[in-house]
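Open the model in your viewer and keep the selection panel at hand. The tour below goes from one selection to the next.

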Protein chains: 2
Amino acid sequence: MKGFLSFLILWLINKKNMTGSEITEELEQRKGSRPSPGTIYPVLKDLKERGLLSIDENKRYSLTTPGEKELDQHLKSFFNTFCDIDEMRTQCQCHEEQK
Amino acid sequence: MKGFLSFLILWLINKKNMTGSEITEELEQRKGSRPSPGTIYPVLKDLKERGLLSIDENKRYSLTTPGEKELDQHLKSFFNTFCDIDEMRTQCQCHEEQK
DNA sequence: TCACCTTTATCGGTTATACGATATCGGTAA
DNA sequence: TTACCGATATCGTATAACCGATAAAGGTGA
C-alpha cells in the first residue's frame with residue numbers, strides 16, 4: 001500500500017495546480033491533521049525528480065504528461081484494490097446513523 | 001497514509017473470516033501481485049497483539065469488538081480523505097474508454 | 001516411517017510515510 | 001536597511017509496508 005500519499009498528491013494537483021502550502025491545507029482538511037513540512041516537501045521533490053510534476057515560477061505544481069499517466073495507473077489499481085468501495089460506504093454510513 | 005494495509009485486512013476479515021493464505025489470495029486478486037508472507041503475517045501478528053483480531057483453532061481470523069470499532073474509524077477517515085471518490089471513478093472510467 | 005508440500009512464521013534489509021527541529025528564502029513592514 | 005514572517009526545504013529519526021530467504025509446523029501420500 002506504499003505510494004498512497006504520492007497518489008493523493010498527484011490527484012490533488014490534477015484537479016488544480018497547487019503550491020506546497022495549498023496542498024498542506026487541503027490534506028489538513030481531508031485527514032483532520034496538518035502534515036508537517038517534513039512529510040510533504042520530500043514527496044514533492046521526489047515526484048518532481050521523477051518527472052511527474054513541473055513547477056512554475058510561483059512554486060505552483062502541475063502534472064506533466066508522465067504524471068498524468070502515472071495518476072491513471074494509480075486510479076486503476078486503487079479501484080481494483082477497493083473494488084467493493086460501495087459496500088464500504090454503505091457500512092460506513094450505516095454505522096454513522098447508529099450514533 | 002500509513003496503516004492502509006491493516007485497514008484493508010480488517011475490512012476483508014470483516015466481510016468473511018479468513019486464514020492467512022486466504023487473505024494472501026484475496027490481496028493477490030485485488031492488487032495484481034501476491035504479497036509475500038513477510039508482508040502479511042507480521043501485520044496479522046500485530047493486529048492480533050493489539051487485540052483487534054482473534055484466531056480460532058483452524059488459524060482463521062475474525063474481528064474482535066475493538067477490531068470492529070477500529071475498522072469503523074478507518075472507514076470514516078478513508079471517506080474523508082477520498083471525499084471526491086466519485087470524481088476519481090469518473091476520471092478513471094473516462095480514461096478506460098479511451099483505450 | 002519418511003519424504004514432500006502447503007501454510008504459517010520469522011529474519012534482515014529496503015523504501016515510503018511521518019514527525020519535529022531547524023535552516024533558507026522572499027516579501028513586507030517598521 | 002533591518003526585522004520579521006510565512007513558505008519552502010532539509011535533517012535525523014521512527015514506524016509501516018514491502019521483499020526474499022529461511023525455518024518450523026502440520027498434513028498427505030508413498
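Start with the protein surface near DNA strand D, which by class has eight nonpolar, nine polar and six charged residues. The model is predicted.

Select DNA strand D and the 23 residues that surround it; the closest are A:M1, A:S21, A:Y41, B:K2 and B:T39. Next, colour helix 3 of chain A, which supplies five residues, the largest share of this surface. Helix 2 (20–31) of chain A and helix 1 (4–15) and helix 3 of chain B are among the elements that each supply at least two.

Now zoom in on the phosphates of DNA strand D. A polar side-chain atom of B:T39 is 2.6 Å from a phosphate oxygen.

Move to DNA strand C. Of the 24 residues around DNA strand C, those that come nearest are A:K2, A:T39, B:M1, B:S21 and B:Y41. Here helix 3 of chain B gives the most to the surface, with five residues. The residues of this surface divide into nine nonpolar, nine polar and six charged.

Which atom of DNA strand C lies 2.8 Å from a polar side-chain atom of B:K2? Select B:K2 to find a base oxygen there. For contacts with phosphate, select A:F4, where a polar backbone atom is 3.1 Å from a phosphate oxygen of DNA strand C. Then select A:S36, which has a polar backbone atom 3.1 Å from a phosphate oxygen of DNA strand C.

Conventions:
Residues numbered from 1 in each chain as written. Chains lettered and ligands numbered in written order. Predicted model: local features only at pLDDT ≥ 70, side-chain atom pairs only at ≥ 80, totals over all residues. Heavy atoms only, no water. Near = heavy atom within 4 Å. Polar contact = N/O pair within 3.5 Å; in protein donor to acceptor, adjacent residues only side chain to side chain. Helix = DSSP H or I, 4+ residues; strand = E, 2+ residues; numbered from the N terminus. Nonpolar A, V, L, I, M, F, W, Y, C, P; charged D, E, K, R; others polar.
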